[in-house]
Amino acid sequence: MSDKKTIRVTVNGTAHEAQVEPRTLLADFLRQELHFGGVHVGCEHGVCGVCTILMDGKAVRSCLTLAVQADGHEIVTIEGIANDAELHPIQQAFIEEHGLQCGFCTPGFVIAIYELLRDNKEPTEEQIMDVIGGEICRCTGYEGIRKAVRSAIKKLQAASA
Amino acid sequence: MKPAPFDYVIPATLEEAIGYLANDDVEAHVLAGGQSLVPAMNMRMSRPELLVDLAKVDDLDFIRDESGSLQLGAMTTKRDVEMSPVVAHAQPLLHAANMWVAHPQIRNRSTVGGSIAHADPAAEYPAVALLLGAEFEAQGPNGKRTIPVDDFFVTYFTTALEEGEVLTKVMLPAMAAGTGWSFQEIARRHGDFAMAGVGVTLQLDSAGHCQNTRVVPFALGPTPVRATAVEEAINGETPSADLFEHACQKMADGIEDPTSDVHASVEYRRHLSSVLGARALEEAVDRARAAN
């Protein structure tokens with residue numbers, strides 16, 4: 001029982017093949033096997049959102065996804081969001097608007113907001129709250145994060161204009 | 001907070017999946033979206049020996065409107081339900097209830113069939129299914145069968161699905177023309193499990209009296225239930241705040257085996273259910289009037 005399985009995943013554009021136990025969570029696989037340290041691990045039951053990554057473009061909890069379930073899929077972690085040396089406009093907005101203090105939760109927020117703003121250039125306040133309510137921050141009180149989202153919307157609109 | 005060891009298969013056909021699940025020698029569990037099962041496994045509350053992942057089984061992921069009846073494949077995600085114009089048109093109540101489920105990050109993986117088969121008493125989908133009079137299609141070693149919702153939810157996390165059976169399809173009949181509806185719940189934070197919730201559908205006859213009222217409180221006991229005493233008290237009556245408040249107070253007092261936990265006491269749950277019930281009935285009447 002629980003023999004290792006071979007999986008093939010693309011992470012931030014690079015293909016990987018690995019042997020994993022079925023019980024290995026995708027979060028732990030990305031962090032410990034592939035050394036993507038930006039994938040943080042918090043509550044490990046889907047509530048805190050810090051482990052959020054993109055799987056086939058969708059923001060999902062990597063603590064509620066088994067590494068074996070990622071076989072054949074495309075993953076993007078926070079390390080894959082920025083463009084070479086330049087931060088992504090969402091990351092830049094977090095810095096400028098004090099969207100983080102300790103920074104532990106930030107990768108999950110950025111990924112979740114990335115998905116939101118990719119699909120929806122002008123989200124309503126309700127849509128923004130639905131997404132950021134699914135990520136737990138215990139430093140900022142969320143006001144800075146809401147400002148960062150609004151600022152990121154403007155930055156992205158300016159970039160695509 | 002890591003799952004106990006288990007084996008994992010990802011069959012390509014339903015028959016193959018049923019073969020694994022029907023094997024008495026191994027404690028096997030279906031893996032759909034994993035948004036309830038994996039946390040339970042991480043906390044070691046669930047320790048299956050084998051997970052049977054349905055991700056590669058064909059024809060379990062669809063949303064179809066068949067003459068008003070909404071057919072949802074068991075592996076359809078809640079994000080797909082949310083974004084579906086078919087759902088918004090054919091079953092706005094489901095669309096509204098779906099928005100109470102967690103957050104996009106969870107709805108991206110969480111499945112329709114998973115929520116029904118998991119039968120969490122605080123979950124929205126079982127309540128919607130009961131409210132609308134759903135039917136479920138399941139397939140097992142002895143073939144296919146259709147299970148009406150009234151026979152499906154047994155108790156906490158327990159359904160009429162038998163060993164080796166896989167829930168494949170959820171069928172929600174169309175609401176009759178002129179039906180008003182409402183779906184209300186209260187959670188500590190949006191997206192958390194409901195401390196109490198109430199769904200309502202009703203119609204108004206030509207004299208403006210309520211008829212065919214269905215009231216489904218949930219998160220209050222082992223399964224969602226029909227509050228038949230409230231339904232009977234309201235049918236044939238002219239809608240009024242007094243009528244609704246009185247009937248829902250009686251409903252709240254009469255809830256059997258109510259849940260009490262760290263999130264909310266019995267008393268508070270009763271209070272919420274009576275307030276939400278009256279609120280839901282008022283909103284359903286408003287919608288019924290607008291539809292007539």
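## Ground rules and the largest cavity

On a 1 Å grid over the protein atoms alone, a cavity is a set of points where a 1.4 Å probe fits but cannot get out, and a residue counts as lining when one of its atoms is within 4 Å of a point. This is a predicted model, where local features need pLDDT of at least 70 and side-chain atom pairs count only at pLDDT 80 or more, while totals for chains, interfaces and linings use all residues. Residues are numbered from 1 along each chain as its sequence is written, chains are lettered from A and ligands numbered from 1 in the order in which they are written, and side-chain values use heavy atoms, with hydrogens and water left out.

Searching the whole structure turns up three cavities of 30 Å³ or more. The largest cavity comes out at about 40 Å³, where a volume is the space filled by probe spheres set on the points, and grid points are joined across faces, edges and corners. So who lines the largest cavity? The residues are B:Leu72, B:Leu94, B:Val112, B:Ile116, B:Tyr125, B:Val128, B:Ala129, B:Val170 and B:Leu172. That makes nine nonpolar residues, no polar and no charged; here Ala, Val, Leu, Ile, Met, Phe, Trp, Tyr, Cys and Pro count as nonpolar, Asp, Glu, Lys and Arg as charged, and the others, Gly among them, as polar.

In chain B, helix 7 (112–118), helix 8 (124–132) and strand 10 (166–172) each put at least two residues into that lining. Helix 8 of chain B gives the largest share, three residues. Helices (H or I, at least four residues) and strands (E, at least two) are DSSP runs, numbered from the N terminus.

## The second largest pocket

A pocket, unlike a cavity, is an open set of points with protein on both sides within 12 Å along at least five of seven lines. The second largest pocket holds about 640 Å³ of space. Its lining runs to 28 residues, with A:Met55, A:His73, B:Ala55, B:Met75 and B:Arg109 nearest the centre.

By class, that lining splits into twelve nonpolar, seven polar and nine charged residues. Strand 1 (5–11) and strand 4 (58–61) of chain A each supply at least two of the lining residues, and strand 1 of chain A has the largest share with three.

## Where the chains meet

The contact (heavy atoms within 4.5 Å) draws 32 residues from chain B and 31 residues from chain A. About 2,600 Å² is buried between the two chains, 54% of it from carbon and sulfur atoms. On the chain B side, B:Tyr8, B:Gln105 and B:Arg109 lose the most area to chain A, together 24% of what that side buries. Buried area here is the accessible area (1.4 Å probe) that two parts lose on being put together, summed over both.

B:Arg109 turns up again from the pocket, as one of the residues nearest its centre. Four salt bridges cross the interface of chain B and chain A, a salt bridge being a side-chain nitrogen of Lys or Arg within 4 Å of a carboxyl oxygen of Asp or Glu. B:Lys2 pairs this way with A:Asp28, with 2.6 Å between the closest N and O atoms.

## Salt bridges within the chains

Side chains of opposite charge can pair when their charged atoms come close. Over all chains, the count is 22 salt bridges. In chain A, A:Arg118 bridges to A:Asp119 at 2.8 Å between the closest N and O atoms. A:Arg118 is partly exposed at 35% relative accessible area, whereas A:Asp119 is exposed at 52%; buried means under 20%, exposed over 50%, and partly exposed in between (1.4 Å probe, protein chains only).

A:Arg146 and A:Glu125 also meet in a salt bridge (2.8 Å, N to O). This pair links distant parts of the chain, with A:Arg146 in helix 5 and A:Glu125 in helix 4 (residues 125–132), 21 residues apart. Both are partly exposed: A:Arg146 at 21% and A:Glu125 at 31%. In chain B, B:Glu137 bridges to B:Lys144, with the closest N and O atoms 4.0 Å apart; B:Glu137 is buried at 16%, but B:Lys144 is exposed at 58%. Back in chain A, shared partners join A:Glu125, A:Glu143, A:Arg146 and A:Arg150 into one network.

## A:Leu156 on helix 5

A:Leu156 sits in helix 5 (residues 143–160) of chain A and is partly exposed, with a relative accessible area of 24%. Leaving aside neighbours within four places in sequence, A:Leu156 is in contact with A:His88, A:Pro89, A:Ile90 and A:Leu117.
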